[in-house]
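Welcome! Take a moment to look over the sequence and the model, and then let us walk through some of the local details together.

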Amino acid sequence: VASCQGNFDSICIETTPTRWSITARILQGLWSQPVAILPEAETQIRQALDGWFRDRALKQLFVPQQRDESLLELRNQTQVAAESGFIRLAITSSVSIIGGLLGIIAWFLLGVQRIFFPDKSPFSPKSTPRKWPVNWTGETTWEVMILWISSFIVISQVILPIALQQLGLLPNSNWNYRDRAMLVLLPYLLSMAPMLPILGFSLKPFIPLAKPWFRFEISPLGWMRWGILGYVLAIPLVAIISFLSQKLLQGQGGGNALLPILVESQDGVAKFILWVTVAIAAPFFEELLFRGFLLPSLTKLTSVWPAIAISGFLFALAHLNLSDILPLTILGMVLGFVYMRSGNLLAPMLLHGLWNSGSFLALLALGGK
């Protein structure tokens with residue numbers, strides 16, 4: 001805690017200096033003229049800093065100390081890290097490029113099929129997905145969505161923060177990465193879980209539902225073909241829309257909450273917990289709601305393609321990230337099309353899991369040591 005007196009030129013006296021304040025004073029001394037080297041500077045730099053920041057500070061420390069051997073070792077370590085980073089970037093880029101090329105080829109083949117074999121094309125008017133048998137009104141549909149979004153906001157933004165504060169479970173610098181990863185998974189599960197009783201209570205008067213509703217069937221395996229094909233087709237579409245969105249919004253809109261853990265942590269268990277969150281939990285809950293319930297329900301109010309577009313937009317809107325609204329809308333529409341063509345929720349769940357896993361691995365590759 002710092003106590004200050006006087007005007008803006010006053011001196012602040014820290015009564016309990018933290019690790020970060022000590023590091024700040026060390027860095028200030030290294031970049032001052034003349035250079036001031038504080039005790040335990042190297043140890044503190046290695047403990048508090050990482051990556052480029054650590055290497056730059058160590059170089060600033062070793063030069064006035066004339067530690068040529070340490071400088072040479074640091075230079076070699078930096079070179080190795082740069083080569084490793086280049087390899088990770090190349091792998092990440094190659095996956096995106098290969099996936100994009102496969103997607104373009106798939107779109108070309110589907111276009112040829114649509115022209116020369118229209119009856120077999122999934123985009124033929126004759127193969128347009130049918131409407132679901134919906135026994136409830138549009139009022140019930142919007143009640144479910146409003147109840148879910150309200151419960152999600154109340155739990156994630158009010159109840160959980162207050163509960164965590166009362167229990168003393170707010171994350172700090174002493175938390176390990178597994179604790180932080182669990183603080184991503186568990187709040188997500190708790191925030192999404194009310195969806196199940198909301199759906200159960202709202203649809204109870206209409207049970208038993210017709211066979212197409214909430215279909216989970218492992219056999220036959222046609223759903224896997226639709227999930228993989230949808231993933232490949234989505235890559236070039238989302239890439240193009242993402243590029244246009246970035247140009248339009250100039251990169252504004254938000255960040256990724258998983259990035260700090262993926263960049264800083266070397267804990268495989270923590271990373272696995274995060275992967276379970278994005279590749280299993282998220283696809284299950286989000287596909288159950290947006291494709292399993294919302295999309296078919298909308299077919300009572302409008303035709304199939306507008307229903308796919310509306311559900312895709314609401315899916316994007318629920319992620320609360322301005323910069324991702326357009327790309328996620330396109331992804332949501334592909335997910336909707338895959339579900340309507342397959343009639344099996346496992347297909348969009350597979351596509352969703354593959355998509356999130358690809359993004360997760362890209363962050364992992366770029367952030368890994």
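## A walk through the model

P34 sits in the loop between α1 (19-30) and α2 (41-48). Keep in mind that everything here is read from a predicted model. The peptide bond that joins Q33 to P34 is cis, with an omega of about -5°. Another cis peptide bond runs from S219 to P220, where omega is near 0°. P220 belongs to the loop between α7 and α8. What makes these bonds worth a look? Most peptide bonds are trans, and most residues other than glycine have a negative phi.

E40 is not a glycine, yet its phi is positive, at about 60°. You can find E40 in the loop between α1 and α2. Q66 also has a positive phi, about 55°, without being a glycine, and its place is the loop between α3 (51-65) and α4. Are E40 and Q66 buried or exposed? E40 is exposed, because its relative accessible area is 58% and exposed means over 50%. Q66 counts as exposed as well, with 66% relative accessibility.

Now for the aromatic rings. How many aromatic pairs does a search of the whole structure find? The search gives 13. Two of the pairs are set out below.

| Ring pair | Distance between centres | Angle between planes | Kind of pair |
|---|---|---|---|
| W136 and W213 | 4.8 Å | 55° | tilted |
| W148 and F152 | 5.6 Å | 35° | tilted |

Both angles can be judged in one step: planes under 30 degrees apart would count as stacked and over 60 as edge-to-face, so the rest are tilted.

The pair of W136 and W213 links distant parts of the chain, 77 residues apart. W136 is in the loop between α4 and α5 (138-166), while W213 is in the loop between α7 (195-203) and α8 (222-249). Both residues are hidden from the surface: W136 counts as buried at 1% relative accessibility, and W213 is buried with a relative accessible area of 5%. Ring pairs also join W136 and W213 with F206, F214 and F293 in a cluster.

The pair of W148 and F152 lies within helix α5, where 4 residues, about one turn of the helix, separate the two. W148 is buried, with a relative accessible area of 5%. F152 has a value of 17% and is buried too, because the cut-off for buried is under 20%.

Helix α10 (residues 268-298) holds T277. At 5% relative accessibility, T277 counts as buried. Which backbone atom does the side chain of T277 reach? It is the backbone oxygen of I273, at 3.0 Å.

Finally, let us go to the surface. I98, L102, I105, F108 and L109 form a nonpolar patch there, and together they have about 520 Å² of accessible area. One of these residues, L109, lies in helix α4 (residues 68-116). L109 counts as exposed because its relative accessibility is 52%, and the cut-off for exposed is over 50%.

Terms used
Residues numbered from 1 in each chain as written. Predicted model: local features only at pLDDT ≥ 70, side-chain atom pairs only at ≥ 80, totals over all residues. Heavy atoms only, no water. Patch = residues over 30% accessible without salt bridge, like charges linked within 9 Å, V, L, I, M, F, W, Y side chains within 5 Å. Areas by Shrake-Rupley, 256 points an atom, 1.4 Å probe, with all protein chains shown as cover. Salt bridge = Lys/Arg side-chain N within 4 Å of Asp/Glu carboxyl O. Buried < 20%, exposed > 50% of the residue type's maximum accessible area, 1.4 Å probe, protein only. Phe/Tyr/Trp six-rings, centres within 6.5 Å; stacked < 30°, edge-to-face > 60°. Polar contact = N/O pair within 3.5 Å; in protein donor to acceptor, adjacent residues only side chain to side chain.
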